[in-house]
Amino acid sequence: MSWKNDQVSEKETERILELAQECLDISGDFVEMGCYKGDTSLLLAEIVKASEKKLWIYDSFEGLPEKSEADESVLGTNFKSGELLVTKREVKERFLRAELPVPVIKKAWFRDLTSEDLPEKIAFAFLDGDFYESIRDSIKLVAPRMDAGGVMVVHDYTNLALPGVKRAVDEWMQKGTPQFEVVLL
Ligand SMILES: C[S@@+](CC[C@H](N)C(=O)[O-])C[C@H]1O[C@@H](n2cnc3c(N)ncnc32)[C@H](O)[C@@H]1O
């Protein structure tokens, strides 16, 4: 399956997949917080399919939430509430068409998820919620479940149009050193 994604660059995707591949030997499942159309999810499913691991993907399937003050940027005016809306059914159908195992697909706002909605242990996580609260809430859910050898990738950390991502990560990092690898794209 080849790269096709309007949200994540080809180079970033290559890095994500390389890291995910390395996590196949780590105990735990794969998670994507903010799957949108499932472009990256399909590639992760391809990696996971020959293993015992499961892929868990999460999205509001109602598009982006409201921005908070932390997300304001003159460069980011195109990121609006309700944008990037796809349905859960559309995403599920893409897996079926690609003849890939359908992941666990959860439709929810991240703030409404609890630890029960997450796998017991996570080997690889891709956080791609664009906004401050979305990344803050994703980290809160995912970090406690990460295996010590696992990798958590956060997208848009360096994206000046989405300043809330960096802020959420930096605030979390200030609380202590994570016991797993964090990759900021
Ligand atoms: C940039 S897109 C994800 C792109 C996807 N990871 C990929 O690689 O193609 C961001 C997604 O995060 C979802 N999202 C953002 N904040 C969210 C939140 N707080 N709760 C649930 N979904 C959220 C949006 O609905 C959107 O589909």
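The following legends describe close-up views of a predicted model.

Because the model is predicted, local features need pLDDT of at least 70 and side-chain atom pairs count only at pLDDT 80 or more, whereas totals for chains, interfaces and linings use all residues. Residues are numbered from 1 along each chain as its sequence is written.

**View 1. The open sheet of six strands.** The strand order is E3-E2-E1-E4-E5-E6, with parallel pairing; strands (E, at least two residues) and helices (H or I, at least four) are DSSP runs numbered from the N terminus, and two strands pair if DSSP finds at least two bridges between them. Strand E3 (104-107) and strand E6 (181-184) form the edges, each pairing on one side only. On average, neighbouring strands of this sheet are turned by 15° against each other, direction ignored. Helix H4 packs on the sheet and touches E1, E4 and E5, and its direction makes about 175° with that of E4. Axes are lines fitted to C-alpha atoms, for helices over the stretch in contact, and angles run from 0 to 180 degrees between N-to-C directions.

**View 2. Strand E1 (residues 29-33) and its two partners.** Five of the five residues of E1 are buried, so the strand is largely enclosed by the rest of the structure. A residue is buried if 20 or more other C-beta atoms lie within 10 Å of its own, exposed if 12 or fewer, and partly exposed in between, with C-beta atoms placed from the backbone. Asp-29, Val-31 and Met-33 lie on one side and Phe-30 and Glu-32 on the other. In a regular strand the side chains alternate between the two faces of the sheet. E1 runs parallel to strand E4 (residues 122-127), to which five bridges join it, and parallel to strand E2 (residues 55-59), with four bridges. Val-31 stands opposite Ala-125 in E4, and its bridge partner in E2 is Trp-56.

**View 3. Helix H4 and its packing against helix H5.** Nine of the eleven residues of H4 are buried, so this helix is largely enclosed by the rest of the structure. Its buried residues pack against E1, E4, strand E5 (146-154) and H5. The axes of H4 (residues 132-142) and H5 (residues 163-173) come within 7 Å and cross at roughly 35°. The crossing is right-handed, meaning that the near helix is turned clockwise from the far one by less than a right angle. Tyr-132, Ile-135, Arg-136 and Ile-139 in H4 meet Gly-164, Val-165, Arg-167, Ala-168, Val-169 and Trp-172 in H5; residues are in contact if their C-beta atoms, placed from the backbone, lie within 7 Å.

**View 4. The surroundings of the ligand.** The ligand is surrounded by 22 residues, of which the closest are Gly-34, Tyr-36, Thr-40, Ser-60 and Ser-134. A residue is counted as near if its C-beta atom, placed from the backbone, lies within 6 Å of the molecule.

**View 5. Leu-19 in helix H1 (residues 10-22)**. Leu-19 is partly exposed, with 18 other C-beta atoms within 10 Å. Leaving aside neighbours within four places in sequence, Leu-19 is in contact with Phe-124, Val-151, Val-153 and Val-183. The C-alpha atoms of Leu-19 and Val-151 are separated by 7.3 Å, although the two residues are 132 residues apart along the chain.

Conventions: Contact = placed C-beta atoms within 7 Å.
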